[in-house]
Amino acid sequence: MDKGWDLLTNRTDLSDTRIDEAPVPEVGDGEALLRVDRVGMTANNVTYALTGDLLNYWSFFPAPEGWGRVPLWGFADVVASNVDGVPTGERFYGYLPPSSHLLVKPTDVSERGFRDGSVHRAGLPGVYNNYQATATDESYALPREDLQILYKPLFATSFMLDDFLADNGYFDAGVAVLSSASSKTAYGTAFCMRSRDEHPRIVGLTSAANVEFTESLGCYDQVVSYEEVSSLPTDQPTIYVDVAGNTALRETIHEHFGDSLRFDSVVGATHHDTSFGSGDLAGPQPQFFFAPDQMSKRRSDWGPGGLERTLGAAWSRFAPTVEGWVDVVESKGPEGLRDAWLEVLSGKSDPRTGHVINL
């Protein structure tokens with residue numbers, strides 16, 4: 001079996017990384033060993049790091065004191081197993097460490113997959129502990145593995161965010177303003193909004209360099225640069241969907257829209273100066289959107305399998321559309337993973353670029 005390794009990130013300086021050799025875990029009773037095969041790197045991973053302490057993302061994959069393993073989404077193959085129903089050679093999609101291997105303790109095993117019942121993950125959101133078998137996933141298609149890696153976790157957030165906003169009547173707003181409009185999470189949300197018979201006017205905010213790309217998506221009724229925020233009318237009730245996590249922009253939004261602003265939802269955090277509300281802003285205070293909370297609500301509302309069917313159907317509509325919106329850039333090995341992390345962390349990636357790493 002090949003040697004093990006971990007990509008570690010300094011939790012106080014996310015640009016400080018190191019690649020450590022790590023022993024390949026031994027497989028005990030009731031355990032299975034996954035070999036991490038193919039993962040993605042997006043701004044979503046930066047959010048996991050920036051909110052790692054706030055939302056316990058650092059807790060999924062333990063690391064030495066002061067260091068962390070930034071969670072990733074992708075595919076892994078079973079290379080050893082002492083669990084019935086989790087055979088060697090089976091391929092799973094799920095939440096993975098930036099490492100060569102992941103030792104799991106499968107519970108709730110079925111033909112669809114399993115849940116990692118490892119003790120240190122017991123108190124963490126269940127959505128991140130589920131591993132889906134590709135063999136029984138109706139939405140899985142080998143030619144679209146990279147799309148699933150890059151988009152599916154982000155699309156789940158987009159879908160649940162739109163569902164949350166629609167569930168609340170879009171807070172009686174006639175306009176929805178989304179920051180970081182060129183990002184996958186933002187335009188996935190706009191796509192879901194436009195799929196509804198009734199939705200607010202959708203305005204995308206992005207950098208001047210990304211206006212043309214964002215307009216080409218066809219998801220927004222209007223796209224403006226951050227410098228043009230003050231040109232937006234303030235005569236309708238408005239909600240702000242903050243995907244960028246930029247404190248200065250949030251202050252500008254609150255000052256500009258004033259009493260017209262009905263709700264401020266903080267979704268992402270790709271800017272390193274992010275704070276989630278100081279209490280000094282005019283109007284509604286920012287509220288952090290946590291997709292697993294809305295997922296739990298819908299599981300209760302829609303019954304067994306209802307969320308999975310509804311989300312799967314939405315993904316099946318979205319995936320063919322998004323194929324033309326991304327250029328997959330493939331890297332290899334732990335060094336390629338580190339390079340992709342540093343590029344995405346810098347915020348300088350082209351919005352069309354999708355980083356996939358073959359480990």
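Why does Y93 count as buried? Its relative accessibility is 7%, and buried means under 20% relative accessible area, with exposed over 50% and partly exposed in between (1.4 Å probe, protein chains only). The model is predicted, so local features need pLDDT of at least 70 and side-chain atom pairs count only at pLDDT 80 or more, while totals for chains, interfaces and linings use all residues. Residues are numbered from 1 along each chain as its sequence is written, and side-chain values use heavy atoms, without hydrogens and water.

The structure holds 28 aromatic pairs. Rings of Phe, Tyr and Trp (its six-membered ring) pair if their centres lie within 6.5 Å; planes under 30 degrees apart count as stacked, over 60 as edge-to-face and the rest as tilted. W73 and Y93 form a stacked pair, with 5.8 Å centre to centre and 25 degrees between the planes. This pair links distant parts of the chain, 20 residues apart: W73 is in strand β5 (residues 72–81) and Y93 in strand β6 (residues 91–96). Strands (E, at least two residues) are DSSP runs, numbered from the N terminus. W73 counts as buried because its relative accessibility is 12%.

W73 also pairs with Y95, here in a tilted arrangement: 5.0 Å centre to centre and 55 degrees between the planes. Y95 lies in strand β6 and W73 in strand β5, so the pair ties together parts 22 residues apart in sequence. Both residues, W73 and Y95, are buried. Ring pairs link W73, Y93 and Y95 into a cluster that also includes Y48, Y57, F60, F61, F75, Y128 and Y140.

Methods. Helices (H or I, at least four residues) and strands (E, at least two) are DSSP runs, numbered from the N terminus.
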